[in-house]
Amino acid sequence: MGKQRLRGKIRVEVQKNKNEPKREAKCSIKFKKIDVLPPRNYKGKKLTKLLQVYVIQVVEDKPPKGFSKIEWMLYTNIPVNCYNDAIEKVKWYCLRWRIEVYFKVIKSGFHVEKCRLETADRLIRYSAVISIVAWRVFWLTLVARTDQKTPVSAILSDDE
């Protein structure tokens, strides 16, 4: 990626972590389509041709002193043909922590992996209900953290 030309800039919101506060990072973005050999240990249908992969590189230009520099190398099989395609994929990647938290609610909050419903049909129905409830819990938490003035009545009905 070092030989690729700069395709543009992007501002990335960096979430708070243990040692650093939330901040906005100004980053450079590059992308390229590459062909790679299929994995040697691939167990599925025999692949006889190279796989097309799109690589997006995001590098923070000047991180503040004492902060970790953002250097992401993202790989996808979804086409990245222009700057807007690359930005879209980077924005998807930036949402990864929200997705992780949602599944943490399902796994840790509702202990879905411990349920023993004996049939796949029961498990599917249970998972569907838990997914909806987990989404609501996640949404409530997100709203509470981003806008503490929003009343619960704006999110939940009286019955809920």
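How many residues does helix 2 have, and how far does helix 2 reach from its first C-alpha to its last? Helix 2 (residues 96-109) has 14 residues and reaches 19 Å, close to the 20 Å expected at 1.5 Å a residue; the expected span is 1.5 Å times one less than the number of residues. The model is predicted, so local features need pLDDT of at least 70 and side-chain atom pairs count only at pLDDT 80 or more, while totals for chains, interfaces and linings use all residues. Residues are numbered from 1 along each chain as its sequence is written, and side-chain values use heavy atoms, with hydrogens and water left out.

Helices (H or I, at least four residues) and strands (E, at least two) are DSSP runs, numbered from the N terminus. Four strands form an open sheet in the order 1-2-3-4, with antiparallel pairing; two strands pair if DSSP finds at least two bridges between them. Strand 1 and strand 4 are the edge strands, each pairing on one side only. Neighbouring strands are turned by 35° against each other on average, direction ignored. Strand 3 and strand 4 are joined over 6 bridges. Val-58 stands opposite Trp-72 in strand 4, and Gln-57 has Met-73 as its bridge partner.

Strand 4 has a covered face of Trp-72, Leu-74 and Thr-76, and an uncovered one of Glu-71, Met-73 and Tyr-75. Helix 1 lies across strands 1, 2, 3 and 4, running at about 10° to strand 1. Here axes are lines fitted to C-alpha atoms, for helices over the stretch in contact, and angles run from 0 to 180 degrees between N-to-C directions.

The largest nonpolar core has 17 residues, of which Ile-56, Val-58 and Val-90 touch the most other members. Such a core is a set of buried Ala, Val, Leu, Ile, Met, Phe, Trp, Tyr and Cys residues joined through side-chain atoms within 4.5 Å; buried means under 20% relative accessible area, exposed over 50%, partly exposed in between (1.4 Å probe, protein chains only). Strand 2 (23-36) gives the most to this core, with 4 residues. Leaving aside neighbours within four places in sequence, Val-90 is in contact (heavy atoms within 4.5 Å) with Ile-10, Ile-29, Ile-56, Val-58, Trp-72 and Leu-74. Apart from this core lies another, of 7 residues, among them Tyr-102, Val-105, Ile-106 and Ile-130.

In helix 2, Tyr-102, Val-105 and Ile-106 are buried. They cover an arc of only 90° around the axis, which puts them on the same side of helix 2; the arc is that of the directions from the helix axis to the C-beta atoms. What covers them includes helix 3 (120-146). Just after helix 2, His-111 takes a positive phi of about 50°.
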